Amino acid sequence: MPPVTFIYTNSLDLTADLLISRLGSEHVFRFNIDLWRDYQIKVDADGLFIQNPAGRSVQQSEIAKFYWRRPHTTARLYPQREIPNEISYIEEEISYAMRDTLNLLWADGKVVLTEPMADSRIGKLVQLSLARKYFVVPAYRFVLGSADLLAETTAAMIVKSLSSERVNRETTLFTTQVDQRELDPQTPWFIQEYVPASHDITVVYIRGDLFAFELDRSPFVGQTADWREVAPEIAVDGWQPHQLPSELQGAIQGFMQDLGLHYGRLDLLLTTEGYRFLEVNANGEWAWLDFDNRHGLLERMLTELSPLTPCHPIPINRQITR
């Protein structure tokens, strides 16, 4: 069997669909954690053996690269459903075994591009602390338990989620402009200075290469602070290539090296006074920005992920440079 890239994800991952269609199914083995019933798995002293619903199997020695995509369990994919406790238990057991298999592959130098579970090492608060070395960062704070802490300033502010978990089965907390006086002090809040901006800027970083895009905020700025809430023809189709100033390119390079990341999608805002840093998603989506490879982003990802190209593994010992 030729070497393969192992993609660990779920059955709803359209980006994985795109990668497989371009790389060729013979060069990829995909494991959808939510479809665990359809697979056969064995992990022993010889490593991982896994067989998919079509009867195709792969052993650990045949895996050239491991790409952590979106291994969301059924409960995460379908929050509106009642998931029986025994199903949740089974999926957690499988997830545990796969995480440890990931660690074995990491030790083998096969984990590439996206750092699995990067938020446990460099979450938003760490990012913002380090980002001040390179960027202008809007004022922020995480607060709980005191109305006085909420009312430290009268400036316009927004709230957003640190964890990206749902508030309940139906609701996600998008970036929302708020009146701090109306917030419940017994609820934890991540609060940040509201930045009036003309454009959202997102930059995909791939081992030193930068692909920048902009989104004009004028069609929705009076409706929402978060572009993810607007209509698809704007949120998906409205992004255009953006030319980053050379100074900002250097800042992004230094910041990502300090974080020890091989991949990330950085979010910024463009104002009349310059750029403002928001965050970097170490496993941020990217395919919608260049689905047809008009800007070179898709081709760069394919080159990095192909099992037939040199492997540039993520080091096991990642360190933050402060």
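## Helix α3 and its surroundings

In this predicted model, helix α3 comprises the 23 residues 85–107, which at 1.5 Å a residue should span 33 Å, and its end C-alpha atoms are 33 Å apart, in agreement with that expectation. After α3 comes G109, whose phi is positive, near 75 degrees.

The buried residues of this helix are I87, E91, I94, S95, M98, T101, L102, L105 and W106. An α-helix has 3.6 residues a turn, so residues three or four places apart point the same way. The elements that cover the buried residues of α3 include the strands β1 (4–9), β2 (28–32), β3 (40–44), β4 (47–51) and β6 (63–68), together with the helix α2 (74–77).

## Aromatic pairs across the chain

A search of the whole structure finds 15 aromatic pairs. One of them joins F135 and F255, whose ring centres are 5.4 Å apart and whose planes stand at 85 degrees, so the pair is edge-to-face, the class for angles over 60 degrees. Because F135 lies in the loop between α4 (124–131) and β7 (140–143) while F255 belongs to helix α7 (residues 246–259), the pair ties together parts that are 120 residues apart in sequence. F135 counts as buried at 8% relative accessibility, and F255 likewise counts as buried, at 0%.

W227 and W288 form an aromatic pair that is stacked, with 5.7 Å from centre to centre and 25 degrees between the planes. This pair also links distant parts of the chain, since W227 is in the loop between β12 (209–216) and α6 (232–235) and W288 is in the loop between β15 (274–281) and α8 (297–305), 61 residues apart. The relative accessible area of W227 is 15%, so W227 is buried, whereas W288, at 22% relative accessibility, counts as partly exposed; the cut-off that separates these two classes is 20%.

## The setting of Q192

Q192 lies in strand β10, which runs over residues 189–193, and at 1% relative accessibility this glutamine counts as buried. When residues up to four places away in sequence are not counted, Q192 touches L128, P138, A139, Y140, M157, I158, K160 and L278.

Methods. Residues numbered from 1 in each chain as written. Predicted model: local features only at pLDDT ≥ 70, side-chain atom pairs only at ≥ 80, totals over all residues. Heavy atoms only, no water. Helix = DSSP H or I, 4+ residues; strand = E, 2+ residues; numbered from the N terminus. Buried < 20%, exposed > 50% of the residue type's maximum accessible area, 1.4 Å probe, protein only. Contact = heavy atoms within 4.5 Å. Expected span 1.5 Å × (residues − 1). Phe/Tyr/Trp six-rings, centres within 6.5 Å; stacked < 30°, edge-to-face > 60°.
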